Amino acid sequence: MSTATAIARPGEVLADLLPASRVRDIALVAGGAALTGLAAQIAVPVPHSPVPVTGQTFAALLVGTSLGAGRGFLALALYALAGSAGVPWFAGGASGAGGASFGYVLGMMLAVAAVGALARRGADRSVLRTAGAMLLGEAIIYAVGVPYLAVATGMSLSAALAAGLVPFLVGDALKAALAMGLLPSVWKLVRK
């Protein structure tokens with residue numbers, strides 16, 4: 001009796017462990033968009049902020065690290081385009097471009113490309129490197145989302161920081177901690 005074992009090679013992300021094909025890539029991109037849309041439905045309103053706490057950023061960063069920069073970016077681009085076209089899968093079932101939190105969606109597109117590129121360099125295989133990748137991804141999301149929030153709502157930048165960054169820091173630290181446990185553990189299972 002023989003068993004096939006997936007062996008990770010340098011430069012691979014988790015998705016590369018599946019047999020390569022165009023169908024695989026299309027399914028992964030569509031699945032990444034759908035996972036992000038599903039996670040966005042976990043939405044908790046934040047007092048004094050037009051931006052809710054969601055599972056969306058966590059899912060997006062997992063999509064980036066699992067699929068790599070190219071497929072991750074395509075998954076989030078599909079998510080953004082479909083949501084802009086009317087698919088109700090932005091936070092809390094919203095759709096359409098231009099809302100106060102749409103800047104965070106745009107930031108996620110850049111963040112998944114960054115964390116995907118880092119994952120190709122092994123950033124998702126140890127706890128500390130995963131933490132660094134997740135924190136960088138979150139920083140990119142906020143670097144785009146907070147200024148967009150300020151412009152979309154007419155808030156000052158300091159008010160946008162207070163409404164669109166500060167209330168989310170603890171939750172993002174918890175999401176990073178979850179990723180720090182999850183991703184390296186999956187790689188350990190793959191190596192066995």
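## Basis of the description

The model is predicted, so local features need pLDDT of at least 70 and side-chain atom pairs count only at pLDDT 80 or more, whereas totals for chains, interfaces and linings use all residues. Residues are numbered from 1 along each chain as its sequence is written, and side-chain values use heavy atoms, with hydrogens and water left out. Helices are DSSP runs (H or I, at least four residues), numbered from the N terminus.

## Helices α1 and α2

The axes of α1 (residues 22-39) and α2 (residues 56-67) come within 7 Å and cross at roughly 160°, axes being lines fitted to C-alpha atoms over the stretch in contact and angles running from 0 to 180 degrees between N-to-C directions. That angle makes α1 roughly antiparallel to α2 (the term applies to angles over 145 degrees). The crossing is right-handed, meaning that the near helix is turned clockwise from the far one by less than a right angle.

In the contact (heavy atoms within 4.5 Å), L28, G32, L35, T36 and A39 of α1 meet Q56, A59, A60, V63 and L67 of α2. These residues divide into seven nonpolar, three polar and no charged, where Ala, Val, Leu, Ile, Met, Phe, Trp, Tyr, Cys and Pro count as nonpolar, Asp, Glu, Lys and Arg as charged, and the others, Gly among them, as polar.

## Helices α3 and α4

Helices α3 and α4 pack at an angle of about 165°, with their axes 7 Å apart, which makes α3 roughly antiparallel to α4. Their crossing is right-handed. Residues of α3 in the contact include F73, L76 and Y79, and those of α4 include F102, M108 and R120; by class, the contact of α3 with α4 holds 13 nonpolar, three polar and two charged residues.

## Helices α4 and α5

The axes of α4 and α5 come within 7 Å and cross at roughly 155°, so α4 is roughly antiparallel to α5, and this crossing is right-handed. Among the residues that meet are F102, Y104 and L118 in α4 and A133, Y142 and L149 in α5. The contact of α4 with α5 has 18 nonpolar, four polar and no charged residues.

Helix α5 (residues 127-153) has 27 residues, which at 1.5 Å a residue should span 39 Å, and its end C-alpha atoms are 38 Å apart, which agrees; the expected span is 1.5 Å times one less than the number of residues. Just after α5, G154 takes a positive phi of about 80°.

## An aromatic pair

The whole structure holds five aromatic pairs, a pair being rings of Phe, Tyr and Trp (its six-membered ring) with centres within 6.5 Å. The rings of Y79 and W89 have their centres 5.3 Å apart and their planes at 45°, so the pair is tilted (planes under 30 degrees apart count as stacked, over 60 as edge-to-face and the rest as tilted). Y79 lies in α3 (residues 69-84) and W89 in the loop between α3 and α4 (102-120), ten residues apart.

How values were computed. Helix = DSSP H or I, 4+ residues; strand = E, 2+ residues; numbered from the N terminus. Parallel < 35°, antiparallel > 145°, perpendicular 65-115°, else oblique.
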